[in-house]
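Please keep the sequence and the structure in view while reading.

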Amino acid sequence: MNILGIETSCDETAAAIVNEKGEILSSLVLSQLEEHKAFGGVVPEIAARAHIDHLHKLIKAAMDDADLHFDELDGVAATSGPGLIGGVMIGMVAGKAIAASQNIPFIAVNHLEGHALTPRLTDKIEFPYLLLLVSGGHTQLLVAEGVGQYKLWGTTLDDAAGECFDKSAKLMGLPYPGGPELQKIARECKDPAKALTRFPLPTPMKGRKELDFSFSGLKTAVRLSVEKLPEGDLNRKDVADLAYAFQSTMAEIIADRAARAIEKFKEAYTPKEPTLVVSGGVAANEAIRAKLEELCAKHDMRAYAPPIELCGDNAAMIAWAGLERLQKGLSDNLDFKARPRWPLDETA
Ligand code: KG4
Ligand code: ZN
């Protein structure tokens with residue numbers, strides 16, 4: 001079974017083909033970084049235009065890479081929400097057109113389910129598993145019980161983790177997108193212990209029983225720290241120290257919430273191999289990965305993060321989510337409407 005996946009919900013145009021063995025026959029991601037850099041963030045209108053310019057070429061290239069013709073596809077999956085509505089509609093309409101022309105099923109995929117099911121594409125992880133989804137737009141703790149079955153246990157009350165990385169990096173004078181840049185400069189910190197005493201940052205929600213996150217206080221503390229630095233151009237060493245302190249604080253907040261979720265998961269579920277999956281763009285962060293691995297080792301829990309290129313937005317995850325849905329007999333009509341908001345747990 002060959003499924004074409006299309007992803008256009010934010011600033012990546014992506015197309016991929018995946019089969020039922022979990023083989024990624026092709027996966028192309030075209031990032032619009034250059035288009036948005038000058039604005040320091042994603043501009044929805046520019047994103048939509050860029051998707052229109054590139055998507056058809058990318059789909060063609062993905063088909064060529066996989067050495068397939070359209071009549072060898074068994075279904076087309078396209079991100080149909082949540083995300084920037086212009087982009088979502090472009091990918092969805094392209095997917096529907098191919099499905100209609102080949103008379104094959106169209107699967108409307110929830111972008112978040114793409115991230116949520118990635119560990120089953122890459123490592124056949126079995127349900128149920130605890131899922132920490134940390135991206136530019138979302139920060140959620142969920143239990144994945146099955147395809148289309150998720151329990152939302154916690155979410156952010158304000159900014160998403162990636163958004164906090166990006167905004168804090170901007171305050172430190174780092175280019176967009178801030179997350180990876182901040183990680184890079186944090187590596188230059190010479191004296192971590194000193195950096196932490198020099199820049200004591202708050203850990204909102206730490207120790208709280210409920211599983212929600214909050215990051216806006218941390219972002220404000222970064223702003224105040226930057227304002228206290230000598231005026232004029234920021235010194236690279238100061239930024240390295242502050243970036244280090246920020247990244248460790250972020251890891252500490254996330255690990256604290258995850259620790260609480262692990263306790264709750266172990267009370268409620270008894271899978272053969274209890275696993276914490278961390279996915280989404282921020283899952284690429286080395287400090288956060290290390291801290292979560294340490295936490296899981298302590299709790300006798302498996303820690304799993306997909307390979308970096310499948311943590312960020314891509315279309316292989318959309319094709320896979322479509323494939324898992326199709327295998328369960330789920331597909332969608334061609335009048336499916338794009339959903340700018342689309343929670344994974346509709347009851348939450
Ligand atoms: O999942 P993703 O590619 O797109 C969304 O659906 O949001 O996540 C992008 C986010 C951005 O905020 C980016 O700065 C962040 O992930 N990110 C990182 C790292 N790599 C990407 N944040 C921290 N450290 C990284 N290494
Ligand atoms: Zn994403």
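## Backbone, metal site and packing

P177 is found in the loop between α5 and α6, where helices (H or I, at least four residues) and strands (E, at least two) are DSSP runs numbered from the N terminus. This is a predicted model, in which local features need pLDDT of at least 70 and side-chain atom pairs count only at pLDDT 80 or more, while totals for chains, interfaces and linings use all residues. Residues are numbered from 1 along each chain as its sequence is written, chains are lettered from A and ligands numbered from 1 in the order in which they are written, and side-chain values use heavy atoms, with hydrogens and water left out.

The peptide bond that joins Y176 and P177 is cis, with omega about -5 degrees. A cis peptide bond also leads from F127 to P128, with omega near -10 degrees, and P128 belongs to the loop between α4 and β6. Most residues other than glycine have a negative phi, and most peptide bonds are trans. Against that background, two residues other than glycine have a positive phi: M205, near 75 degrees, and D300, near 55 degrees. M205 sits in the loop between α7 (192–198) and α8, and D300 in the loop between α10 and β10 (302–304).

The table gives the relative accessible area of several residues discussed here; buried means under 20%, exposed over 50%, and partly exposed in between (1.4 Å probe, protein chains only).

| Residue | Relative accessible area | Class |
|---|---|---|
| M205 | 12% | buried |
| D300 | 65% | exposed |
| H111 | 6% | buried |
| H115 | 1% | buried |
| H51 | 0% | buried |
| S135 | 10% | buried |
| A338 | 19% | buried |

### The zinc site

Which protein atoms hold the zinc ion (ligand 2)? The protein donors are H111 (NE2), H115 (NE2) and D313 (OD), which lie 2.1 to 2.2 Å from the zinc ion; donors are N, O and S atoms within 2.8 Å of the metal (3.2 Å for Na, K and Ca), and since water is not among the atoms, sites may look incomplete. Along the sequence, the donor residues follow the spacing H-x3-H-x197-D. H111 and H115 both belong to helix α4 (residues 111–123), where they are four residues apart, about one turn of the helix.

The four donor atoms of the zinc ion (ligand 2) make angles of 92 to 153 degrees, and the site is irregular. Four donors count as tetrahedral if all angles lie between 85 and 135 degrees; four count as square planar and six as octahedral if opposite donors are over 155 degrees apart and all others between 65 and 115; anything else is irregular.

The axes of α9 and α10 come within 9 Å and cross at roughly 35 degrees, where axes are lines fitted to C-alpha atoms, for helices over the stretch in contact, and angles run from 0 to 180 degrees between N-to-C directions. Residues making this contact include M250, I254, A255 and A258 of α9, together with L292 and L295 of α10; contact means heavy atoms within 4.5 Å. Not counting residues up to four places away in sequence, L292 touches L132, I254, A255, A258, L276, V278 and A303.

### Other buried positions

H51 lies in helix α2 (residues 44–66), and beyond four places in sequence H51 touches T8, C10, E12, T13, Q32, G87 and I90. S135, in the loop between β6 and β7, has contacts that include A160, E163 and G280, leaving aside neighbours within four places in sequence.

A338 is found in the segment after α12 (316–327). Although A338 and M89 are 249 residues apart in sequence, their C-alpha atoms are 6.2 Å apart in space, and M89 is one of the residues in contact with A338, as are S80, I85, V88 and M92.
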